[in-house]
Amino acid sequence: MQFNSQLKRVDVRRLRIADEAKDAFAPSSSFNYQMNTDLLNSRINSNQSWDFEIPFAYKNENGLIHVFAGWLALQRPFQTLLPQNKLIFVRLYDAKPRRLETIAWQYIMHTLSRCQHRNFALAYVAKTVELCPNSTLQKLTKLSNSRSIESAVMTLCSESRQSVRTQVKKFENSKRFGATGGSK
């Protein structure tokens, strides 16, 4: 099945999480991020809404497209999953933005601000594996259905059993699940 879509700005107050996505959304709403996001300058975003999930690019006079933010789809493992002729959506600007370097660094700060806190990252993966339907987990990973949650996290994150157990226990004791993340 192929879908048509277009890039469109929508008032955030009109957005709702789809019922079918609520189970996946729930654990992510409790993530506590490594970076204190309260310290990021929100004024940078006041004039422009940046959605860094798709590449931002401009076309030069030779017709080459230069990406300056949102390059996640161009990095491993995502790039290696794309066939050579795969078309992807790009937010293409008709001219090179004036603040291109600032936007590129803003993208990096945005990406870093989404990194889970080191004391809970393994627990977040464990909670996600626990809540994810087995059939979906098998589609998204190379894990077999016979693995325990603990061994799945150990494999996905290349961590020891003790590290996984310690973080999961700390996570459960902190009652973080269901709380909002965002600062240390």
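This is a predicted model: local features need pLDDT of at least 70, side-chain atom pairs count only at pLDDT 80 or more; totals for chains, interfaces and linings use all residues.

Modeller: Residues are numbered from 1 along each chain as its sequence is written, and side-chain values use heavy atoms, with hydrogens and water left out. The protein has seven helices and three strands (DSSP runs, H or I of at least four residues for helices and E of at least two for strands, numbered from the N terminus), and along the sequence they follow the pattern α-β-β-α-β-α-α-α-α-α. The structure holds eight aromatic pairs, where rings of Phe, Tyr and Trp (its six-membered ring) pair if their centres lie within 6.5 Å, and planes under 30 degrees apart count as stacked, over 60 as edge-to-face and the rest as tilted. One of them joins Phe-56 and Phe-68, whose ring centres are 6.1 Å apart with planes at 75 degrees, so this pair is edge-to-face. The pair links distant parts of the chain, with Phe-56 in strand β1 (residues 56–59) and Phe-68 in strand β2 (residues 65–69), 12 residues apart. Phe-56 and Phe-68 are buried, that is, under 20% relative accessible area with a 1.4 Å probe and protein chains only. Phe-120 and Tyr-124 form a tilted pair, 6.2 Å centre to centre with 35 degrees between the planes, and both of these residues are buried as well. Ring pairs also link Phe-56 and Phe-68 with Tyr-58 and Tyr-93 into a cluster.

Note on methods: Buried means under 20% relative accessible area, exposed over 50%, partly exposed in between (1.4 Å probe, protein chains only).
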